[in-house]
Amino acid sequence: MNGPTALPPWLPTAPCTPGRCTAHPDGPDPDSGAGPLRAAARLAAGTAVVLLGVLLAPAAALFPPAARPALVRLWTRTVVRAFGVRVRYEGSPAAPGPLLVVANHVSWLDVPLLAAVLPARMVAKAEVRHWPVLGLLAALGGTLFIERDRLRALPGTVRAMTGVLAAGGRVAVFPEGSTWCGRERGRFRPAAFQAALDAGCAVQPVRIDYRPAGAAAYVGDDPLGASLWRVVTTRRPTAEVRLMDPLPSGRHPDRRALAAAAQRAVARRETTRHETTPRVPAQRAVASDSANLSPSSVHQRASSRPAAASSSRTPS
């Protein structure tokens, strides 16, 4: 999946590797992991929910457009819950309307976690379209595919994003361009932010954290199967999704300034988390303390350059 093929020099990469990051000391304790039967049940339940989504996707097209986001939220919450991940959301999403959603990128779990609160058209690498099951889901979900090996294709992707936003839709992207372990984060590449400027829409920064971090991290050449098994065998995997204050259109003069502002918002540590209460919970916890189920998704990587760059390593 993430093979050892040489990547073009302009593609963003992370120093995180499975050996160094997923086996970190704060990773899952082997003595407190989920038992093999529970892990197998979670894996079977999560896979079944994903396949059910593929089978029912054509029927979802029969629903009115206004009702489809609710169906997406319901399905993605069920997927996450099925894999055993407990979730806490904090903050409020921006008002309905065009919105560029940007988040740090740690895991394949990031996509369903975002979709459970902010359904949007994802930006993903073109290879995702050909992945078994997940590629079909990505295509049915309206993913905007980018040919990451062709730098000249990037402006076209940005124009496609602008078109979706100008029409009143939402687009979600992981501007780091690659997954990071969560303890370290990458720089937000500015290309995707040009779409928000051109469409005159707000940017919604989102911060995603996992506990334990090593269980969810999907980095380097980590096989998807190994990542799935790590998640389902962790006793109490937890995701925290914090919706930061939206960045209004026009506040920043160019895409670099806007990207830097979004990165600062996402990187801001939750120093006052125990001192203040969140504004308005965007959603109740997707999975309660007693839940045992969670999601499935893909990785995307979008290339980028100072003048025209966008990136993300995850599917949709």
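How do the residues of the lining of the largest cavity divide into nonpolar, polar and charged? The points below take up this question together with the pockets and the surface.

1. Basis of the note. This is a predicted model, in which local features need pLDDT of at least 70 and side-chain atom pairs count only at pLDDT 80 or more, while totals for chains, interfaces and linings use all residues. Residues are numbered from 1 along each chain as its sequence is written, and side-chain values use heavy atoms, with hydrogens and water left out.

2. Largest cavity. A cavity is a set of points, on a 1 Å grid over the protein atoms alone, where a 1.4 Å probe fits but cannot get out; lining residues have an atom within 4 Å of a point. By this rule there are 2 cavities of 30 Å³ or more. The largest cavity has a volume of about 50 Å³, a volume being the space filled by probe spheres set on the points, which are joined across faces, edges and corners. Its lining divides into 8 nonpolar residues, 1 polar and 1 charged. Here Ala, Val, Leu, Ile, Met, Phe, Trp, Tyr, Cys and Pro count as nonpolar, Asp, Glu, Lys and Arg as charged, and the others, Gly among them, as polar. Among the lining residues are Val85, Leu109, Tyr210 and Arg211.

3. Second largest cavity. This cavity has a volume of about 40 Å³. Its lining includes Cys201, His252 and Leu258, and divides into 7 nonpolar, 3 polar and 1 charged residues.

4. Largest pocket. A pocket is an open set of points with protein on both sides within 12 Å along at least five of seven lines. About 1300 Å³ of space lies in the largest pocket. Of its 43 lining residues, Arg68, Pro69, Leu71, Val72 and Gly141 are the closest to its centre. Helix 3 gives the most to this lining, with 10 residues; helices (H or I, at least four residues) are DSSP runs numbered from the N terminus. By class, the lining of the largest pocket has 29 nonpolar, 10 polar and 4 charged residues.

5. Surface. Leu56 has its place in helix 2 (residues 36-60). Leu56 counts as partly exposed because its relative accessibility is 47%, and partly exposed lies between buried (under 20% relative accessible area) and exposed (over 50%), with a 1.4 Å probe and protein chains only.

How values were computed:
Helix = DSSP H or I, 4+ residues; strand = E, 2+ residues; numbered from the N terminus.
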